[in-house]
Amino acid sequence: MSKVPSITLNNGVRMPQLGYGVWQVPDDEATAAVANALEAGYRSIDTAAVYQNEEGTGKAIAASGIAREDLFITTKLWNSASETWTRDSVLREFDASLTRLGLDYVDLYLIHWPRAVREDYLTVLRAFGEIAESGRARAVGVSNFQPAHLNRVLAETPVVPAVNQVELHPYLQQAELRAYHAGHGIATEAWSPLGQGKELLGDPVVVRIAEKHGRTPAQVVLRWHLQLGNVVIPKSVTPARIRENFDVFGFELDGEDMAAFSALDNGTRLGPHPDSFDEF
Ligand code: NAD
């Protein structure tokens with residue numbers, strides 16, 4: 001039995017609350033990194049077409065000997081069409097991801113960015129509905145969507161995203177989005193949950209809470225996410241840190257710690273703003 005709690009998505013599928021993200025891990029290093037994570041106990045892996053490591057990730061999955069149904073694999077559709085997405089081009093991209101992963105289904109398929117200026121995310125979501133119907137993605141969802149984008153998805157497609165994966169850490173707590181998600185049955189998944197290991201992990205408030213619990217800054221930040229109900233996917237390629245980031249279930253933050261974390265929100269974004277990001 002895994003010690004990682006699961007959350008139940010809006011279609012009944014269960015998703016581990018802690019997973020392992022592989023952004024910026026080169027394909028030839030991803031196999032070892034994912035193997036280390038699986039060895040440490042992670043069962044949820046977050047990759048994406050644009051990370052160019054779906055093959056390396058898939059090799060680690062195949063070599064692990066872990067039963068497929070015990071794993072939760074997420075990948076994402078990149079903004080990569082030079083033209084506007086069509087149903088067929090979405091289905092083609094999805095097939096290509098499955099092939100690179102060496103899988104016949106994924107657990108979660110996400111659209112990476114709304115790319116709202118192109119007005120094609122509704123087409124993508126409708127195609128995702130077909131993919132979900134076919135059983136080749138157990139759940140479908142979105143990433144980097146703002147409430148305005150979600151409103152259109154809910155009003156104009158039959159799809160209710162299971163997950164919205166967004167930048168979220170103590171410096172960017174996304175209160176409005178989290179409330180929106182809670183009101184619409186959408187799970188909140190935090191990317192860059194450790195603030196990319198930058199100033200956040202040296203913040204005096206975080207360091208003080210870590211010392212109080214005899215834990216590391218990364219561990220108390222992950223604990224804060226878990227206690228808020230977020231799904232988290234921290235990344236590291238260092239085996240000791242991979243294990244450290246998994247060892248977050250033997251302690252709890254108290255009300256005072258959670259309040260101190262709340263006060264850290266200063267709106268710092270490490271990535272682009274979803275309303276304007278149009279890279280492909
Ligand atoms: P993160 O917050 O997980 O930080 C990772 C960095 O923090 C590492 O590279 C390392 O430098 C440091 N670190 C990790 N563990 C540490 C520890 N225990 N102690 C000290 N430092 C530590 O940032 P991330 O990689 O940007 O985000 C995690 C995952 O989220 C990615 O791998 C990817 O899967 C996903 N992601 C998604 C999007 C999106 O647009 N959907 C964008 C960025 C990231």
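A nitrogen atom of the ligand lies 3.0 Å from a side-chain N or O atom of Glu 244. The protein covers 88% of the 840 Å² of accessible area that the ligand has on its own. These values come from a predicted model. The side chain of Gln 165 also takes part, with an N or O atom 2.9 Å from a nitrogen atom of the ligand.

Around the ligand are 27 residues, of which Asp 46, Ser 143, Ser 192, Leu 194 and Asn 245 come nearest. Sorted by class, this shell consists of eleven nonpolar, eleven polar and five charged residues. Helix H9 (residues 239-246) supplies the largest share of the shell, three residues.

Backbone geometry was also examined. Most residues other than glycine have a negative phi. Gln 52, which is not a glycine, has a positive phi near 55°. Gln 52 is located in the loop between strand S4 (44-46) and helix H2 (54-64). With a relative accessible area of 64%, Gln 52 is exposed, since the cut-off for this class is over 50%.

A positive phi, about 65°, is also found at Asn 144, again not a glycine. The loop that holds Asn 144 runs between strand S7 (137-143) and helix H5 (147-156). Asn 144 has a relative accessibility of 3% and therefore counts as buried, the limit being under 20%.

Terms used. Residues are numbered from 1 along each chain as its sequence is written. This is a predicted model: local features need pLDDT of at least 70, side-chain atom pairs count only at pLDDT 80 or more; totals for chains, interfaces and linings use all residues. Side-chain values use heavy atoms; hydrogens and water are left out. A residue is near a molecule or strand if one of its heavy atoms lies within 4 Å of it. A polar contact is a pair of N or O atoms within 3.5 Å; within protein, one must be able to donate a hydrogen and the other to accept it, and residues adjacent in sequence count only if both atoms are side-chain atoms. Accessible areas come from the Shrake-Rupley method with a 1.4 Å probe; for residues, only the protein chains shown count as cover. Helices (H or I, at least four residues) and strands (E, at least two) are DSSP runs, numbered from the N terminus. Ala, Val, Leu, Ile, Met, Phe, Trp, Tyr, Cys and Pro count as nonpolar, Asp, Glu, Lys and Arg as charged, and the others, Gly among them, as polar. Buried means under 20% relative accessible area, exposed over 50%, partly exposed in between (1.4 Å probe, protein chains only).
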